[in-house]
Amino acid sequence: MQAEGVIRGLSALAQEHRLAAFRLLVQAGKQGVAAGVLADKLDVPPSSMSFHLAQLANAGLVTQRRESRSIIYSADYAAMNGLMGYLTENCCDGVSCSEDAACLPSPQRKSA
């Protein structure tokens, strides 16, 4: 993932309703959630929810499909994993973040 895409993704998530909607979509899995259901769950007017979902879609973090009269949104897991990978690719002094103690401060390091 390139820096430009990361900036777009983080910018889209840097708003309370969009972050909450994205988290719900991640939890929902590949089947996704209808825009109206998201609006109800987040207590956001449908027109506002449509705006927020469009921002997430423009950032490449969600996909959409039409089912009858509803638009179903799903998290784009590849984009999410790319964003997370970009943020963590050089973390922990080169030690894998999957190891429990990898990101704990080293006792030899002095605090600033």
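This report describes the fold, sheet, surface and selected residues of a predicted model.

## Overall architecture

The protein chain contains five helices and three strands. In sequence order, these elements follow the pattern α-α-β-α-α-β-β-α.

Of the 112 residues in the protein chain, 31% count as buried. Among contacts with a separation of 6 or more, 56% are made by residues 24 or more positions apart. The accessible surface of the protein chain amounts to about 7,600 Å², and carbon and sulfur atoms account for 52% of that area.

## The sheet and its helix

The three strands form an open sheet in the order 1-3-2, with antiparallel pairing. Strand 1 (33-34) and strand 2 (62-67) each have a single partner strand and stand at the edges, so one side of each is left without a neighbour in the sheet. Strand 2 and strand 3 (residues 70-75) run antiparallel and are joined by six bridges. Within this pairing, Val62 is placed opposite Ala75 of strand 3.

Helix 2 (residues 16-28) packs on the sheet and touches strand 1, strand 2 and strand 3. The direction of helix 2 makes about 85 degrees with that of strand 3.

## Nonpolar surface patch

Met1, Leu10, Met84, Tyr86 and Leu87 make a nonpolar surface patch of about 460 Å². Helix 5 (residues 77-88) gives the most to this patch, contributing three residues.

Tyr86, one of the residues of the patch, is found in helix 5. The relative accessible area of Tyr86 is 32%, and this residue is therefore classed as partly exposed.

## Salt bridges

The model contains two salt bridges. In one of them, Arg8 is paired with Glu4, and the closest N and O atoms are 3.3 Å apart. Both residues lie in helix 1 (residues 3-13), where Arg8 and Glu4 are four residues apart, about one turn of the helix. Arg8 is partly exposed, with a relative accessible area of 40%, whereas Glu4 is exposed, at 58%.

Arg65 forms a salt bridge with Glu67, with the closest N and O atoms 3.1 Å apart. Arg65 has a relative accessible area of 33% and is partly exposed. Glu67 also counts as partly exposed, at 41% relative accessibility.

## Residues with positive phi

Most residues other than glycine have a negative phi. Two residues of this model are described here against that background.

Asp43 is not a glycine, yet its phi is positive, at about 55 degrees. Asp43 lies in the loop between helix 3 (35-42) and helix 4 (46-58). With a relative accessible area of 69%, Asp43 is exposed.

Ser68 likewise has a positive phi, near 60 degrees, in a residue other than glycine. The position of Ser68 is in the loop between strand 2 and strand 3, the two strands that are joined by six bridges. Ser68 counts as exposed, at 69% relative accessibility.

Key: Residues numbered from 1 in each chain as written. Predicted model: local features only at pLDDT ≥ 70, side-chain atom pairs only at ≥ 80, totals over all residues. Heavy atoms only, no water. Pairing = 2+ DSSP bridges. Contact = heavy atoms within 4.5 Å. Axes fitted to C-alpha atoms, helices over the stretch in contact; angles between N-to-C directions. Patch = residues over 30% accessible without salt bridge, like charges linked within 9 Å, V, L, I, M, F, W, Y side chains within 5 Å. Areas by Shrake-Rupley, 256 points an atom, 1.4 Å probe, with all protein chains shown as cover. Salt bridge = Lys/Arg side-chain N within 4 Å of Asp/Glu carboxyl O. Buried < 20%, exposed > 50% of the residue type's maximum accessible area, 1.4 Å probe, protein only.
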